[in-house]
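Thanks for coming. I will go through one model today, sheet by sheet, and then turn to its aromatic rings.

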Amino acid sequence: MSMKLFAGLLLSGLAALAFSACDADRLSKLKPGVSSADEVRKLMGEPTLEWVEADGTRVWEYPRTPEGVVNYMLVIGPDKLLREVRQVLTEENFAKVRPGMSSDEVRYLLGRPAHELYFSLKQEKVWDWKTKVEPGMTWYFNVHFNNDGVVTRTSTNFSPAGG
């Protein structure tokens, strides 16, 4: 392995570790049923997206992609108290993605994708999420959409580290 490649892998690994350590520290200070929406915003910052459910519950998206392998959804009840913290990039959630789902449904389930690519010859858009990093390999979960934004299939792939 070249020294340049090793240095790049080391730096990206350290950055991911520092990022996850910051999240762990912040999230440990939040207590479901106790922490207010204002406290969540103060610690976590502004969410990238907010969904409002019929009962007034709000779901705030805090993605950690493309570098991280987690995306968080924080659920704020109608009483403006934190109800739940979910890490949504899980095998269980990947298995819930089905043909026929809309892009909004997928975003609500998995959070913001790491990448969005369009393949004009196939007339398909593909979103991906980094799922794990192993020595020399980075794994991705992919969702394929037709031009109407409807899921047609899912797939997984890997790329050499740094690629």
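Before the pairing, one convention: two strands pair if DSSP finds at least two bridges between them. Helices (H or I, at least four residues) and strands (E, at least two) are DSSP runs, numbered from the N terminus. This is a predicted model, so local features need pLDDT of at least 70 and side-chain atom pairs count only at pLDDT 80 or more, while totals for chains, interfaces and linings use all residues. Residues are numbered from 1 along each chain as its sequence is written, and side-chain values use heavy atoms, with hydrogens and water left out.

The overall content is 4 helices and 8 strands. Read from the N terminus, the order is α-α-β-β-β-β-α-α-β-β-β-β. Of the 163 residues, 34% are buried (under 20% relative accessible area; exposed is over 50%, partly exposed in between; 1.4 Å probe, protein chains only).

Take the sheet with the order β5-β6-β7-β8, which is open and pairs antiparallel. Its edge strands are β5 (115-119) and β8 (151-160), each pairing on one side only. From one strand to the next, the twist averages 30 degrees; for angles, axes are lines fitted to C-alpha atoms, for helices over the stretch in contact, and the values run from 0 to 180 degrees between N-to-C directions. Strand β6 is joined to β7 (residues 137-145) by 9 bridges, and the two run antiparallel. In that pairing, Asp128 stands opposite Asn142 in β7.

Glu124 belongs to β6, which covers residues 124-134. Is Glu124 buried or exposed? Glu124 has a relative accessible area of 9%, so it counts as buried. Leaving out residues up to four places away in sequence, its contacts (heavy atoms within 4.5 Å) include Tyr118, Phe119, His144 and Arg153.

The other open sheet has the order β1-β2-β3-β4, also with antiparallel pairing. At its edges stand β1 (49-52) and β4 (82-87), each with a single partner, so one side of each has no neighbour in the sheet. Here the twist averages 20 degrees from one strand to the next. There are 4 bridges between β1 and β2 (residues 58-63), and Trp51 stands opposite Val59 in β2. Helix α2 (residues 37-44) packs on this sheet, touching β1, β2, β3 (71-76) and β4, with its direction at about 10 degrees to that of β2. Helix α4 (residues 103-110) packs there too, touching β1, β2 and β3, at about 90 degrees to β3. Helix α4 also lies across β6, β7 and β8, running at about 15 degrees to β6.

Now the rings. The structure holds 6 aromatic pairs (rings of Phe, Tyr and Trp, its six-membered ring, with centres within 6.5 Å; planes under 30 degrees apart are stacked, over 60 edge-to-face, the rest tilted). Phe94 and Phe141 have ring centres 4.3 Å apart and planes at 15 degrees, so this pair is stacked. Phe94 sits in helix α3 (residues 91-96) and Phe141 in β7, 47 residues apart. Both are buried. Trp129 and Phe141 form a tilted pair, 6.4 Å centre to centre with 35 degrees between the planes. Trp129 has a relative accessible area of 0%. Ring pairs link Phe94, Trp127, Trp129, Phe141 and Phe145 into a cluster.

Last, charges over rings, meaning NZ of Lys or CZ of Arg within 6 Å of the ring centre and within 35 degrees of the ring normal. The charged end of Arg41 lies over the ring of Trp60, 4.3 Å from its centre. For Lys132 over Trp139, the distance is 5.3 Å.
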